[in-house]
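Me: Could you walk me through reading a few features of a model? I'd like the general idea first, then the case at hand.

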There are 4 protein chains.
Amino acid sequence: MILTLDFKSDTPIYVQLRNAIVVAIGKGELQDGERLPTIRQLAQELGVNVMTVNKAYAILKNEGFLSIDRRHGAAVTRPDGGDAVYKEKLERELTLVISEAALKGIGRQEFQSLCSGIFAALAAGPQTLTE
Amino acid sequence: MILTLDFKSDTPIYVQLRNAIVVAIGKGELQDGERLPTIRQLAQELGVNVMTVNKAYAILKNEGFLSIDRRHGAAVTRPDGGDAVYKEKLERELTLVISEAALKGIGRQEFQSLCSGIFAALAAGPQTLTE
Amino acid sequence: MILTLDFKSDTPIYVQLRNAIVVAIGKGELQDGERLPTIRQLAQELGVNVMTVNKAYAILKNEGFLSIDRRHGAAVTRPDGGDAVYKEKLERELTLVISEAALKGIGRQEFQSLCSGIFAALAAGPQTLTE
Amino acid sequence: MILTLDFKSDTPIYVQLRNAIVVAIGKGELQDGERLPTIRQLAQELGVNVMTVNKAYAILKNEGFLSIDRRHGAAVTRPDGGDAVYKEKLERELTLVISEAALKGIGRQEFQSLCSGIFAALAAGPQTLTE
DNA sequence: GTGGTCTAGACCACA
DNA sequence: GTGGTCTAGACCACG
């Protein structure tokens, strides 16, 4: 698993980590049920403190993206279907993103095709790599 | 101009402010060329520190949404057309948002129609200015 | 005996096990004097470490819910009547639960009827043994 | 505010802290809107690390029992009405508590009156102390 | 060997 | 001056 962090960024490392993992799952680089590296492994690999990885994992667990098994560490999970709270958050986020895009001269057409492209890329991801 | 801030939120106030203004411009509540309140005015109106508003304005200026004239204060501007830097940022953001949405069970169809709805709402905005 | 464990939960497995057995006794699914599976049997059946079952049994014995005879294995026992220590613990627990419930908007009425329902369900339990 | 921690207990300090605060709010010792001590203050007062208090506060914030304002620290809040998830959790907890109590020889009558007593005690708490 | 918890001390972003 | 973040290193509970 390749995760790049930007230590100079002002978004906290654990957030970057959380985001990167979500995207990796979305892309299919991390399959459902697949195990993630140990907190300590990942921490060392990234040159980051254990607590930082811990926090990222805890958030992902809380959001339903992964489950932590005392015996075997963390594994990818499918979260529950979209709850109302999430949809609200999504709409708020999109309103901002779209406002910005529109002002930057990106029309509805272009925006939609951009989204389509991303959806396609995700769907085409490394599906069940070896099977 | 009505801007609502959530002091209990964990997104910094100056970011909330910056976002709210971008959305307001997107919706047409703030027209191109329109003047914004003085930093001090807005700060007082919102019950916020002057530094906070200052920071938000500075970011907006930097992003091309605002032009600041020492004589006339701040005014809304159309930013330059989508530069490469911005497009990259947009794509990164959308990849995250879409990954999350897809995992939460929101399909391409639903997502696209949600976007369409927001585009429509923005387009319908300017009329509401004077009511 | 059907016991379901949640390996993803953050309450330790031996605690889950102990709780499940207490509830099973409460419901009458396990009758007074009834023998429980061997530690090894149960461990294998649940796919769990022997130590884990051992720990759960030890706690239950300590609490008076189980008596362990080296020759016949473990058997269900009625614990001694409410000792002062237990009542204190109960009151502490209930104070927390009720505080939480009250703050979450669950009134005394609702709470009491919820308790009544559970008492009724427990009382109705023993019959279901053989079905 | 008087909070007693048991450092020898095996329930984590931050959980004990969280529980104690919930009870304090339930009892009315902490009123709605009232400010809590700074993380650092409380940490020093309790002889505990800052991170520990931080974690307790974060959980309480997450549960809706308090809100954290970047400018003024933490303050007590009323959580949203009982959601379905919470009610399920409550029922599970109560089933365990009641099973235990019943086996310990505490009948429905006694249990209910115990609950009533606690409800009454909470309601009678230091209501608006000085007003 | 895994994650969970805790510590002491530090720096930074925010207001 | 507030909380947020991060670190390095430690001990413990769990299985």
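Me: Which residue in β2(A) is the bridge partner of Ile68(A)?

Reply: In a regular strand the side chains alternate between the two faces of the sheet. Here, Ile68(A) has Ala74(A) as its bridge partner in β2(A). This is a predicted model, where local features need pLDDT of at least 70, side-chain atom pairs count only at pLDDT 80 or more, and totals for chains, interfaces and linings use all residues. Residues are numbered from 1 along each chain as its sequence is written, chains are lettered from A and ligands numbered from 1 in the order written, and side-chain values use heavy atoms, leaving out hydrogens and water.

Me: In what sense do β1 and β2 of chain A pair?

Reply: Antiparallel: residues 66–69 and 73–76 of chain A pair over four bridges (strands are DSSP runs of E, at least two residues, numbered from the N terminus; pairing takes at least two DSSP bridges). A three-residue hairpin joins β1(A) to β2(A).

Me: How much area do chain B and chain D bury between them?

Reply: The size of an interface is often given as the accessible area lost when the parts come together. For chains B and D that's about 560 Å², 42% of it on carbon and sulfur atoms (1.4 Å probe, summed over both parts). Phe7(B), Lys8(B) and Asp10(B) supply 72% of chain B's share, more than any other three residues.

Me: Which residue forms a salt bridge with Asp10(B)?

Reply: Lys61(D), with the closest N and O atoms 3.6 Å apart. The rule (a Lys or Arg side-chain nitrogen within 4 Å of an Asp or Glu carboxyl oxygen) finds one salt bridge across this interface.

Technical notes:
Buried area is the accessible area (1.4 Å probe) that two parts lose on being put together, summed over both.
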